[in-house]
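Here are my notes on this one, as numbered points. Have the structure open while you go through them.

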Amino acid sequence: MGATVADKDRAIIFTYGTLKRGFSNHGLIHDMILAGDAAFLGNGHTADRFPLVCGPYGVPFLINIPGSGELVSGELYAVSRRAISRLDELEGISHGHYERLPIIVHLLNGSEEAEETGLVVESEAYFAHRSFGEEMWKRNGEKGFCAYSSDEAIAYVKRKDRPQDITFLDQIRIFVSSAMD
């Protein structure tokens with residue numbers, strides 16, 4: 001792991017939602033791995049608790065409110081700068097959907113018990129944009145989950161299958177202003 005992590009041309013990304021193995025957007029990461037632009041480093045969980053919730057169309061959002069929520073499980077990848085731009089595009093950085101921010105993650109061993117290895121990894125994650133993150137947490141009753149799983153993924157609607165006559169930010173605004181089910 002050391003050589004990959006120390007490479008100054010790579011960033012370490014913590015994925016917690018649809019980019020994880022077995023979920024709908026992992027194909028992008030898989031393509032990056034095949035192209036040599038990404039490498040799987042291992043499973044981990046956040047060093048601090050954060051809210052993890054689903055928004056409109058079952059889209060997962062990590063919210064930058066440290067100390068709230070749960071320790072969030074996910075995967076760590078070393079990715080090239082070229083891959084970062086592709087991930088930023090997917091996550092709608094320029095549209096204000098997500099922000100890529102620093103996060104500390106504890107690397108886990110590969111066993112069923114998934115114990116911490118003792119390695120702490122400085123990485124980045126895609127957080128809900130600050131313009132709506134706190135409202136998203138409140139909209140979800142300040143209740144989140146520790147891992148995006150198949151239970152949450154069942155509600156996910158791919159971007160191509162969502163209404164195209166309204167922006168995702170507008171969909172988020174409608175979602176956060178609606179009453180919880």
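1. Let's start with charges over rings. In this predicted model, Arg21 lies over the face of Phe40, at 4.1 Å from the ring centre. There is a second case to look at: Arg139 sits over the face of Phe175, again with 4.1 Å to the ring centre.

2. Next, the rings that pair with other rings. The structure holds 6 aromatic pairs. One of them is Phe61 with Tyr98: the ring centres are 4.9 Å apart and the planes are at 20°, and since planes under 30 degrees apart count as stacked, this pair is stacked. The pair links distant parts of the chain, with Phe61 in strand 4 (residues 60-62) and Tyr98 in strand 6, 37 residues apart. Both Phe61 and Tyr98 are buried. If you colour by ring pairs, you'll see a cluster that joins Phe61, Tyr98, Phe132 and Phe168.

3. Tyr98 deserves a point of its own. This residue is in strand 6, which covers residues 98-108. Is Tyr98 buried or exposed? Its relative accessibility is 6%, so Tyr98 counts as buried. Leaving out residues up to four places away in sequence, Tyr98 touches Tyr16, Val59, Pro60, Phe61, Glu91, Gly92, Ile93, Tyr126, Phe127, Ala128 and His129.

4. In the model, Glu91 is in the loop between helix 3 and strand 6. At 11% relative accessibility, Glu91 counts as buried, because the cut-off for buried is under 20%. Not counting residues up to four places away in sequence, Glu91 touches Leu19, His97, Tyr98 and Tyr126.

5. Now helix 3 itself. Its buried residues are Ala83, Ile84, Leu87, Asp88 and Leu90. They cover an arc of only 155° around the axis, which puts them on the same side of helix 3. An α-helix has 3.6 residues a turn, so residues three or four places apart point the same way. What does the face of helix 3 turned away from its buried side carry? There you find the exposed residues Arg82 and Glu89. Helix 3 is followed by Gly92, with a positive phi near 65°.

6. Last, two backbone angles to check by eye. Most residues other than glycine have a negative phi. Tyr57 is not a glycine, yet it has a positive phi of about 60°. Tyr57 is in the loop between strand 3 (52-54) and strand 4, and it is partly exposed, with a relative accessible area of 27%. Its contacts, not counting residues up to four places away in sequence, are Ala155, Tyr156, Val157, Arg162, Pro163 and Gln171. Ser131, on the other hand, is 74 residues from Tyr57 in sequence and 19 Å away in space, C-alpha to C-alpha.

7. The other angle belongs to Glu142, which has a positive phi of about 50° although it is not a glycine. Where does Glu142 lie? You'll find Glu142 in the loop between helix 4 (133-139) and helix 5 (150-153). At 47% relative accessibility, Glu142 counts as partly exposed.

Technical notes: Residues are numbered from 1 along each chain as its sequence is written. This is a predicted model: local features need pLDDT of at least 70, side-chain atom pairs count only at pLDDT 80 or more; totals for chains, interfaces and linings use all residues. Side-chain values use heavy atoms; hydrogens and water are left out. Helices (H or I, at least four residues) and strands (E, at least two) are DSSP runs, numbered from the N terminus. Buried means under 20% relative accessible area, exposed over 50%, partly exposed in between (1.4 Å probe, protein chains only). Contact means heavy atoms within 4.5 Å. Rings of Phe, Tyr and Trp (its six-membered ring) pair if their centres lie within 6.5 Å; planes under 30 degrees apart count as stacked, over 60 as edge-to-face and the rest as tilted. A charge sits over a ring if NZ of Lys or CZ of Arg is within 6 Å of the ring centre and within 35 degrees of the ring normal. The arc is that of the directions from the helix axis to the C-beta atoms.
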